[in-house]
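Trainee: I have this one open on my screen and would like to go through it with you. Could we start with how the pieces pack and then move on to single residues?

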Amino acid sequence: TEHRLGRHLLLSGLKDLFNMDFSPDALENRLQKNPYGKPFLTDHPDIYFNISHCSGLVACAFSHEDIGMDMEQIHTFSPAILKKVLTLKEMEYLEQFKDVPSLYEECFFRFWTLKEAFIKQSGKGLSIPLTDFSFDMDISTVPPGIDCSRQDQYFYQEMPEPGYILSLCAPSPMGQIKKIIV
């Protein structure tokens, strides 16, 4: 269902933002994937989009340049995943929230979605190890202050609904990005 809703958002965005009206079948015929699985429109290489879905929410973002987006519902997670996802510096930042489980989980998923948004934007997916780059965050501000060890990217993060984190990554500031969430 979420995959189908993602395609529906893609169709709606193409119609509303670019005056392109495709049937679902016509859209599928216009979509291809790069060698790492990132979809793109064959007839419109100047239109970039990214879809993310999780636990009942679906989002689609559009931009004039490559964009990556990830959305996750905040929940408990296995500590075993930390070394696979976070750098030592990120783990140290996360550790300050250990005594407040809700903040600890939120902070982890803030890191997780930033990393996923970055690798989705790159178009190379998990061929990029998640510990090959890092983030500094200040979650006391709205939106959070975010710095990445990869200086050539810009990041934005929000909570579209209570209990969900959405992160966006693009090579330039987020002013031209349009997103739709259901």
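**Helix against sheet**

Mentor: Helix α5 lies across β5, β8 and β9 and runs at about 150° to β5, where contact means heavy atoms within 4.5 Å, and axes are lines fitted to C-alpha atoms, for helices over the stretch in contact, with angles from 0 to 180 degrees between N-to-C directions. Helices (H or I, at least four residues) and strands (E, at least two) are DSSP runs, numbered from the N terminus. This is a predicted model, in which local features need pLDDT of at least 70 and side-chain atom pairs count only at pLDDT 80 or more, while totals for chains, interfaces and linings use all residues. Residues are numbered from 1 along each chain as its sequence is written, and side-chain values use heavy atoms, with hydrogens and water left out.

Trainee: In what order do the strands of that open sheet come?

Mentor: The order is β5-β9-β8, with antiparallel pairing; two strands pair if DSSP finds at least two bridges between them. The edge strands are β5 and β8 (154-158), each of which pairs on one side only. Neighbouring strands of this sheet are turned by 15° against each other on average, with direction ignored.

Trainee: And how many bridges join β8 to β9?

Mentor: Five bridges join these two antiparallel strands, and Gln 157 stands opposite Ser 167 in β9. On the β5 side, six bridges link β5 and β9 (residues 164-170), again in the antiparallel sense, with Leu 168 of β9 as the bridge partner of Met 69.

Trainee: Is β5 mostly covered or mostly open?

Mentor: Strand β5 (residues 68-73) is mostly covered, since five of its six residues are buried, buried being under 20% relative accessible area, exposed over 50% and partly exposed in between (1.4 Å probe, protein chains only).

Trainee: Back to α5: what span should its 22 residues have?

Mentor: At 1.5 Å a residue, helix α5 (residues 101-122) should span 32 Å, and its end C-alpha atoms are 32 Å apart, which agrees; the expected span is 1.5 Å times one less than the number of residues. Of the 22 residues in α5, 17 are buried, and the helix is followed by Gly 123, whose phi is positive, near 80°.

Trainee: Which residues have the most contacts inside the largest nonpolar core?

Mentor: They are Phe 108, Phe 133, Phe 135, Met 137 and Phe 155, in a core of 29 residues; a nonpolar core is a set of buried Ala, Val, Leu, Ile, Met, Phe, Trp, Tyr and Cys residues joined through side-chain atoms within 4.5 Å. The largest share of this core, 10 residues, comes from α5. Apart from it lies another core, of 15 residues, among them Leu 14, Phe 22, Leu 31 and Val 58.
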